[in-house]
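Thanks for asking me to look over this one with you.

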Amino acid sequence: MQQARTQIPFFFTIGKATFNLIGSLGAMAIFFSEGFFKIFRPKQIREIVNQVFYIGAKSTTIVMLIGLFTGMVLGLQLYYTLIKFNAEGMLGSVISMSLIRELGPVLTAIMITARAGSAMAAEIGILRISEQIDALYTMRIDPMRYIVSPRIAAAIISFPLLTAFFDLIGIIGGYLTGVLLLGVNEGAYFYRVQVYLELVDIRGGFLKSLVFAVLVATICCFQGYFTHMRTDSYGAKSVSLSTTSAVVISCVMILVSDYVVTSLLM
Amino acid sequence: MSSRHFSCRTSVDTPLIEFRDVTKRFGDRTILDKISLKIYENQITTIIGKSGTGKSVLLKHIIGLLTPDEGTILFRGMPVHEMGRGEWDAYRSQISYMFQNNALFDSLTVFDNVALPLRQTTNLRKREVMKKVVTRIQQTELSEVARKYPSELSGGMQKRVALARALVTDPKIVLFDEPTTGQDPIRKNIILSMIAHYRRQFGFTAVLISHDIPDVFFISDRIILLWEGKAAFEGSYEESTHLDHPMIDELLHSMEGFQDELTGLLSKQVFRNRYTMTLQKGQLDSTISAILFTVEFDLVADMFGAPVFEILKIMGQNINDFFGPLGGFSARHERNQLLTILPHIGLHDAQALLEKFTHQLQEKAFSDIQLMIQSRMGADMCLNLSVKAGVIEGKSTDDIDTIMAMAEASQTTVGVYKCESRGEAH
């Protein structure tokens, strides 16, 4: 090992990083599966409802606000693009397909990561460093069941619902700029949405939101849960770094998995 | 430094929990090094030792938060790592753990914190949970703050919440990890007496980590001294006082500050330094007198914890107020012995001073004690104590331990306090 390190440092570094990455992915997969199966244990309903309220209901306003302005911007940008080809009548279909297939799931997931994912990582991290997770164990309360499972369940429930809200409000935002501001025909706008949008588009969008839900919940909970295992920092600093890592890794993974799922759906 | 193992059995029963050659390492550091010790049922076992000697690690092994790298932990003679899932669960259901920092859930109210283990681990109905939680909250005098959050409470109250949560499941064993850390001297003793009081009330086995030497010895049935990863001593408080062991001396001295927090007198170390500096310097043969007071409690008093601490505090203050202006200086030796040195005073004068002090004992100290007992325990509660004193004359070159031994040998009872008759002095 020592010889490899000195003779071919580049390959040694790459190899070590790869091993670490595979190890982390494996640990996260086990973490998710344990958390997922414990959703179905008794006494979970109340905790799941609490988390749906926090991750889902409390994120509704911000998600709808972002959806509205995303739709309005799309309306503006696409109108001036489509008018060059005398195709402004297609505005409704282009906006709805962009939102439902791509922008809705991705932007919703990023918004929830920023709002609730960071909070998940920080809250669990604080529970860890203040020994509250150990306290749960000493009380014979499984920390995975009590802390992680409800958050995974809540994310799986909330992400598709919030994505649907985002899509709907985004289409209305496009209507506000395209129809009311720029004068696209109102009937043509909604007719094109209805004609060109297919069930497979909606299904694909929801599939993405489910994948993002699993990724975001797993990454954020994992980062918080193993805050104490960090070797680069301790205490409050480790919670801070875990939260940062949770948000950054989640956002990157949302975009990477978006490409993977899109290519599989095409 | 190699550790010798002194074991003094206080019970012939099978131990409730036994460590056999348990080793725990964190990286290159060996925290527990083939440690063997025993914890007996229905006793308060106190683990003492310097910081970083593995006291918390030891406690975490008992509850299963950590597992040993080598060795065996036995519960009623059965190795815990060989237990099946059901047995392990049954074993853990008998243990509660009170964390050093309480580990209360900040987002839950006091009531919800206490109710949490019942709601999550039992199938009790809502009404039954409510009843049990309310009972524990009342017993720990938290009724007025049941709807408050932990951050709104004082440190002492948070300790009581942690204790209520630890006791709500009716555990057979409660592990206390430094329950008095960060508390002021009065609150420390209240917490210690609270542990002793609830141990009697609920009948559990307590394992306690504490640095509050010697106050913690009042409530301890058994003491375990951890030293360099091993149990250097196991036994009762009385056995530890007869043990001439450098590690115990070093530990006791290292934990003493400038003052004995409870009595307000000098710490033993400062007392010894002052003795050497003021008496032995330049006057090799100057006369001194020494008075050794011993406060003895009856069995009932010993069980009440907090009043015992308060009585020692009152005695310390009275001795200091009386002998201090005369040039005397005093310190507490052992848990209930107070030694006063009177420089340049002969035996005859010292005896006269003791006689005067005996009058003050009856007039003031016993009155203060009576008032304190009535305010703390109510008018109907009873507590008896006696004060012994021994006065000797010596030379300033005499060793403190020799003086102590001589004074102890000459002790006679100088005051008796009985609950029904206030105090009487001889």
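Here are a few numbered points to follow along with.

1. Please keep in mind that this is a predicted model.

2. Now look for the largest nonpolar core, with its 169 residues. Val216(A), Leu175(B) and Ile195(B) are the members that touch the most others in it. Helix H5 of chain A, residues 91-129, contributes the largest share, 15 residues. From chain B, both domain 1 (6-254) and domain 2 (268-425) give this core at least three residues each.

3. If you set aside neighbours within four places in sequence, its contacts are Phe176(B), Pro179(B), Ala206(B), Leu208(B) and Ile219(B).

4. Next, turn to where the two chains meet: 13 residues of chain B are in contact with twelve residues of chain A. On the chain B side, helix H2 (85-93) and helix H3 (110-121) each provide at least two residues. Which element gives the most to this side of chain B? H3(B) does, with four residues.

5. What kinds of residue make up the side of chain B that touches chain A? Eight are nonpolar, four are polar and one is charged.

Key. Residues are numbered from 1 along each chain as its sequence is written. Chains are lettered from A and ligands numbered from 1 in the order in which they are written. This is a predicted model: local features need pLDDT of at least 70, side-chain atom pairs count only at pLDDT 80 or more; totals for chains, interfaces and linings use all residues. A nonpolar core is a set of buried Ala, Val, Leu, Ile, Met, Phe, Trp, Tyr and Cys residues joined through C-beta atoms within 7 Å. A residue is buried if 20 or more other C-beta atoms lie within 10 Å of its own, exposed if 12 or fewer, and partly exposed in between; C-beta atoms are placed from the backbone. Domain bounds come from an automatic or database domain assignment. Two residues are in contact if their C-beta atoms, placed from the backbone, lie within 7 Å. Ala, Val, Leu, Ile, Met, Phe, Trp, Tyr, Cys and Pro count as nonpolar, Asp, Glu, Lys and Arg as charged, and the others, Gly among them, as polar.
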